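Hi,

Here is the structure I said I'd pass on to you.

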Amino acid sequence: MKHVAAYLLLVLGGNQSPTADDVTNALASVGIEADTDSLNRFLAEMEGKDLDETLEAGKKMLAKFGGGGGGAVAGGAAAGDAAAAEEEKQEEEEEEADIGGGVDMFGSGGGGGDY
């Protein structure tokens, strides 16, 4: 994956046909070592292919997997958490309201107690 990412970054930077040295140098600039065998296999697969066409073909392949239903579950769970947090907040407010003015923590009420 690191080779693909470096390759794509080089293409976005204007190098329409990055070589193994280009990819290796890009990775080395951020402290990552390239796997020569894997990089050479990737470059052999990309040789003579238009990147835009390759990406478009990949999108069509991924579209077969779907994947539009996962968001609702997370959203429902988040809504449930928000409701639980709101309920908890209301309970805290009720507890504070029950205390009223009956507690004199600092002895300023003139009760003359020895604390």
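**The pocket and what surrounds it**

The largest pocket has a lining of 13 residues, and those nearest its centre are Y7, Q16, S17, M46 and K49. One thing to keep in mind as you read: this is a predicted model. The volume of the largest pocket comes out at about 220 Å³. How do you find empty space like that in the first place? You roll a probe the size of a water molecule over the atoms, and that shows where space is left.

By type, the lining residues of the largest pocket split into six nonpolar, three polar and four charged.

**The whole protein**

Now zoom out a bit. The protein has five helices and zero strands, so if you follow the sequence along, the pattern reads α-α-α-α-α. It is 115 residues long, and 12% of those residues are buried. The protein exposes about 9200 Å², with 54% of that supplied by carbon and sulfur atoms. As for contacts, take those between residues at least 6 apart in sequence: 46% of them join residues at least 24 apart.

**Helix 3**

This is the helix I'd click on next. Helix 3 covers residues 36–46, and its buried residues are L39, F42, L43 and M46. Why do these buried residues line one face of the helix? Looking down the axis of helix 3, you find them within an arc of 95°, so they line one face. M46 also turned up above, among the residues nearest the centre of the largest pocket.

What do the buried residues of helix 3 pack against? Their partners are helix 1 (2–12), helix 2 (20–28) and helix 4 (51–63). On the face turned away from the buried side, helix 3 carries D37, R41 and E45, which are exposed.

S38 is in helix 3 too. Its relative accessibility is 23%, so S38 counts as partly exposed. In sequence S38 and H3 are 35 residues apart, while their C-alpha atoms are separated by 8.1 Å. Just after helix 3 comes G48, which takes a positive phi of about 80°.

V11 sits in helix 1. Is V11 buried or exposed? Its relative accessibility is 13%, so V11 counts as buried. Leaving aside residues up to four places away in sequence, V11 touches Q16, P18 and L51. Of these, L51 is 40 residues from V11 along the chain, with 8.7 Å between the two C-alpha atoms.

With a relative accessible area of 28%, L8 is partly exposed; the cut-off for buried is under 20%. L8 and P18 are ten residues apart in sequence, and from C-alpha to C-alpha they are 9.0 Å apart in space.

Cheers

Definitions and conventions: Residues numbered from 1 in each chain as written. Predicted model: local features only at pLDDT ≥ 70, side-chain atom pairs only at ≥ 80, totals over all residues. Heavy atoms only, no water. Buried < 20%, exposed > 50% of the residue type's maximum accessible area, 1.4 Å probe, protein only. Helix = DSSP H or I, 4+ residues; strand = E, 2+ residues; numbered from the N terminus. Arc of directions from axis to C-beta. Contact = heavy atoms within 4.5 Å. Areas by Shrake-Rupley, 256 points an atom, 1.4 Å probe, with all protein chains shown as cover. 1 Å grid on protein atoms, 1.4 Å probe; cavity = no way out; pocket = protein on both sides within 12 Å on 5 of 7 lines; lining within 4 Å. Points joined across faces, edges and corners; volume = space filled by probe spheres on them. Nonpolar A, V, L, I, M, F, W, Y, C, P; charged D, E, K, R; others polar.
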